[in-house]
Amino acid sequence: MKNNSLFSILITLIVAFFLLNSCQFKQIKGKKISINQSTNSISLLSKKIDSVLFDKLKAEYVPGISVVIVQNGKTIYKQGYGVANTETNEKVDADSTIFRIGSISKALTFLTLTKLIDKGLVDYDDAVSKYINGIQNPYKLKDTVKIKHLLNHTGGFDQIGTGRQIYDFELSLNERKSKRPTIIEFLQANNMRRIRPAGQHLTYDTYGATIAGAIIEKVTGLSYAEAMQKLLFKPLGMNLSSIEVKNENLHKLAKGHGYIDGKYKTMPYEIYVTTPASSIDATSADMGKLLEALTGNGSNENGKLFSPETTKRVLAPGFRPHSEFTGASHGLFEIRRQGKIPDAYNVRTIGHGGDMLGMSCSMEIILELNLGFFVVANRNQEGGGGRVSLGEPLKNVILNHFGKEKKTPLYPIPSSNTSIDLKEYSGKYAFGLYCHTCTEDDFNKGGWPIGNPMSILEKESKLILNETKYLPREKDVFVREDGKQMIFFGRNKDKKISFLAFSDGLHSFERIDK
């Protein structure tokens with residue numbers, strides 16, 4: 001009996017020895033990589049992030065921040081900083097503090113519509129009118145708006161702006177929600193107006209995202225909120241995510257803030273009619289679960305978003321105004337900073353930003369690293385206190401940590417080309433996010449006005465924009481004089497110039513002096 005006990009102890013020690021050694025090293029491509037080295041790397045990254053975000057709390061008067069970082073389908077870092085509410089001083093927790101993600105809701109809506117495509121219930125080439133009636137066509141356009149155009153912000157819908165929000169902040173959340181029409185009622189009340197051919201150029205599209213939400217309702221037979229819960233939140237384990245915070249989770253909701261006259265002021269909770277474009281609330285840990293699926297071939301440990309094949313398509317370029325430029329794909333915007341920031345990291349990312357009253361957030365995927373991050377703050381410029389910038393500084397810390405070099409690529413600067421007539425490019429160009437069909441009364445009710453246009457001038461065989469010179473490379477393509485940026489001019493069916501796009505921009509600018 002005694003010998004058997006000694007033998008058992010010996011076997012246990014031997015097994016423990018081998019388990020201990022097997023846990024110390026992982027075999028990767030013929031090399032032994034210490035797990036502790038990997039842990040140390042994450043620890044070093046976390047210290048760098050802590051330093052930057054703690055500085056942001058002070059320098060930009062931000063009460064609280066929450067962040068999550070995901071790589072290769074796994075969350076590698078998440079953390080809360082500061083307080084969720086300056087009136088209660090409750091601390092931010094990455095797992096349990098709920099924030100408003102604003103316009104990132106558009107991306108989640110489009111990804112959920114993509115899931116219906118992946119399931120074979122919708123097709124990229126389906127006409128939008130197959131699922132929804134009441135699209136207005138005041139300019140008698142003859143082409144067809146398709147699902148793929150919605151996903152890439154090229155549907156060509158007017159950005160109207162009126163009637164999108166339920167104010168009455170003195171009422172309770174439930175009372176304000178009860179005053180809201182359904183998504184389809186809002187859209188069919190003359191809020192789907194086509195103003196340009198589909199697939200022509202990219203304009204940030206609140207109404208296309210709202211239409212996508214209505215299509216999700218039509219196909220599933222569920223409300224938008226129920227469909228998002230069934231198709232996106234529950235399968236991925238996003239347990240505290242919802243279309244507007246649930247009553248039982250109100251105590252977990254961070255307060256939006258402004259910083260005015262040296263004091264914090266809490267902001268009211270906004271209620272939108274265009275819920276698919278604006279109204280998802282989530283923790284950063286939950287947003288990490290979405291990023292796990294997007295960097296993990298379409299799934300995380302909780303479930304599936306869509307197939308690996310569809311995931312590749314989502315992360316690949318979708319629409320681009322020119323093959324060398326940035327564009328959009330499935331609700332996510334391509335981002336390069338090469339022309340705007342000196343010595344920028346030259347990496348392609350895709351992502352989206354979001355703002356609600358008193359909150360600001362950013363989500364990006366760095367494709368070279370198969371790494372994604374989400375970061376959110378409970379103060380923004382609209383609330384007061386100046387701009388909050390978190391996404392870019394965080395991305396720079398990550399890229400520096402992973403050894404990426406700062407290098408701005410240069411486009412070859414063309415020699416003088418006098419064969420191109422530059423006069424036709426001269427004119428005024430405006431950001432297309434404004435109401436084209438609004439009456440004066442509509443503008444008085446909150447219709448989105450046109451912004452200040454920019455002027456393109458022709459001088460000495462060059463185009464001049466804000467005193468910066470662009471040289472013609474070929475017809476419709478111009479290179480900035482320092483080689484750091486290009487402009488592309490798009491044309492309509494009559495071969496007339498209708499818009500311009502920057503090589504590192506997110507949106508097109510339409511010509512308004514035709």
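Mentor: A residue counts as buried when its relative accessible area is under 20%, as exposed when it is over 50%, and as partly exposed in between, using a 1.4 Å probe and protein chains only. Helices (H or I, at least four residues) and strands (E, at least two) are DSSP runs numbered from the N terminus. This is a predicted model, in which local features need pLDDT of at least 70 and side-chain atom pairs count only at pLDDT 80 or more, while totals for chains, interfaces and linings use all residues. Residues are numbered from 1 along each chain as its sequence is written, and side-chain values use heavy atoms, with hydrogens and water left out.

Trainee: Which residues of H9 are buried?
Mentor: In H9, ten of the eleven residues are buried, and they are Ser 284, Ala 285, Asp 286, Met 287, Gly 288, Leu 290, Leu 291, Glu 292, Ala 293 and Leu 294. For the chain as a whole, buried residues make up 53% of the 514 residues.

Trainee: How many helices and strands are there in the chain?
Mentor: The chain holds twelve helices and 25 strands.

Trainee: What is the radius of gyration of the chain, and how should I judge it?
Mentor: The radius of gyration is taken over C-alpha atoms, and the globule rule is 2.2 Å times the number of residues to the power 0.38. For 514 residues a compact globule would therefore have a radius near 24 Å, and the chain's 25 Å agrees with that. The C-alpha trace spans about 100 × 60 × 55 Å along its principal axes.

Trainee: How far apart are the end C-alpha atoms of helix H7?
Mentor: The expected span of a helix is 1.5 Å times one less than its number of residues. Because H7 (residues 206-220) has 15 residues, it should span 21 Å, and its end C-alpha atoms are 22 Å apart, which agrees.

Trainee: What covers the buried residues of H7?
Mentor: Contact means heavy atoms within 4.5 Å. Twelve of the 15 residues in H7 are buried, and what covers them includes helix H3 (104-118), helix H4 (147-151), helix H6 (183-188) and helix H8 (224-236).

Trainee: Which residue caps the N-terminal end of H7?
Mentor: Asp 205 does so, for one of its side-chain oxygens lies 3.1 Å from the backbone nitrogen of Tyr 207. Just after H7, Gly 221 takes a positive phi of about 75°.

Trainee: Where does His 153 lie, and is it buried or exposed?
Mentor: His 153 lies in the loop between H4 and strand S7 (165-166), and it counts as buried because its relative accessible area is 2%. Although His 153 is not a glycine, it has a positive phi of about 60°. Glu 460, in the loop between strand S19 (454-459) and strand S20 (462-465), also has a positive phi, of about 50°, without being a glycine, but Glu 460 is exposed, with a relative accessible area of 58%.

Trainee: Which residues touch the most other members of the largest nonpolar core?
Mentor: In soluble globular proteins, nonpolar side chains tend to be buried together. A nonpolar core is a set of buried Ala, Val, Leu, Ile, Met, Phe, Trp, Tyr and Cys residues joined through side-chain atoms within 4.5 Å. In the largest one, of 79 residues, Leu 108, Ile 147, Met 287, Leu 290 and Phe 374 touch the most other members. H3 gives the most to this core, with eight residues. A second, separate core of 24 residues includes Val 62, Leu 371, Val 375 and Leu 399.

Trainee: With which side chain does the side chain of Asp 126 make a polar contact?
Mentor: A polar contact is a pair of N or O atoms within 3.5 Å; within protein, one must be able to donate a hydrogen and the other to accept it, and residues adjacent in sequence count only if both atoms are side-chain atoms. The side chain of Asp 126 makes such a contact with that of Tyr 131, at 2.4 Å. Asp 126 is found in the loop between H3 and H4, and it counts as buried because its relative accessibility is 13%.

Trainee: What polar contact does the side chain of Ser 307 make?
Mentor: Its partner is the side chain of Asp 118, at 2.7 Å. Ser 307 sits in the loop between helix H9 (284-294) and helix H10 (308-315), and with 12% relative accessibility it counts as buried.
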